[in-house]
Structure formats: C-alpha cells, structure tokens
Amino acid sequence: MRPDNDKRWQTALTCVAGGFAGAWLGYTLYEAWDCLVARPELYAAYSAPWYTGPLLLAGPAALIVAAALAAKWWLRRKRK
C-alpha cells in the first residue's frame, strides 16, 4: 500500500476503536446515572443489577477495539 493509504487506514482504525470504546463508556455512565440518580425505584424491581447491560456489551466492544488495535499494529509492522 502507499504511505498515504496507510495513514488513512490508521486514522480509520483509530476512529473505530475510539468510537466503540467511547460508546461503551457513554452507555455505562448513562446506565449508572439512570440507576443511581434519576430512577432508582425502577431498577429496584429488577432481579439483575444495573451493570448487567454494560457488562454484556463490554465483551463485543472489547473484541472490536482489540481487533482495530491489532490491525493498527500490523499496519505499522508491515510498513517497516
């Protein structure tokens, strides 16, 4: 690949990794706020704790972030 094309891939992979990590973090913070501040009585009726949703989404988000970072590492190594 051309060097400018490598830079585009690096930027795209950084955006993918940051986007998925940021979306997961934002969702987790919203769930925590919603449960602890806004509507604790709603979550008191649930049998599962409030962090079950963010934990279930952490695995796929971590896999996508890890794949994007591995691809970035591979591109850097290939360039040398």
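Tyr 43 counts as buried because its relative accessibility is 14%, where buried means under 20% relative accessible area, exposed over 50% and partly exposed in between (1.4 Å probe, protein chains only). The model is predicted, so local features need pLDDT of at least 70 and side-chain atom pairs count only at pLDDT 80 or more, whereas totals for chains, interfaces and linings use all residues. Residues are numbered from 1 along each chain as its sequence is written, and side-chain values use heavy atoms, with hydrogens and water left out.

A search of the whole structure finds three aromatic pairs; rings of Phe, Tyr and Trp (its six-membered ring) pair if their centres lie within 6.5 Å, with planes under 30 degrees apart counted as stacked, over 60 as edge-to-face and the rest as tilted. The rings of Tyr 30 and Trp 33 form a tilted pair, because their centres are 5.9 Å apart and their planes stand at 40°. Both residues lie in helix 1, three residues apart, about one turn of the helix; helices (H or I, at least four residues) are DSSP runs, numbered from the N terminus. Tyr 43 and Tyr 46 form an edge-to-face pair, with 5.4 Å from centre to centre and 75° between the planes. Tyr 46, at 49% relative accessibility, counts as partly exposed.

The largest nonpolar core has five residues, Leu 13, Ala 17, Val 65, Ala 68 and Leu 75. Helix 3 gives this core its largest share, three residues. Such a core is a set of buried Ala, Val, Leu, Ile, Met, Phe, Trp, Tyr and Cys residues joined through side-chain atoms within 4.5 Å.

Conventions: Helix = DSSP H or I, 4+ residues; strand = E, 2+ residues; numbered from the N terminus.
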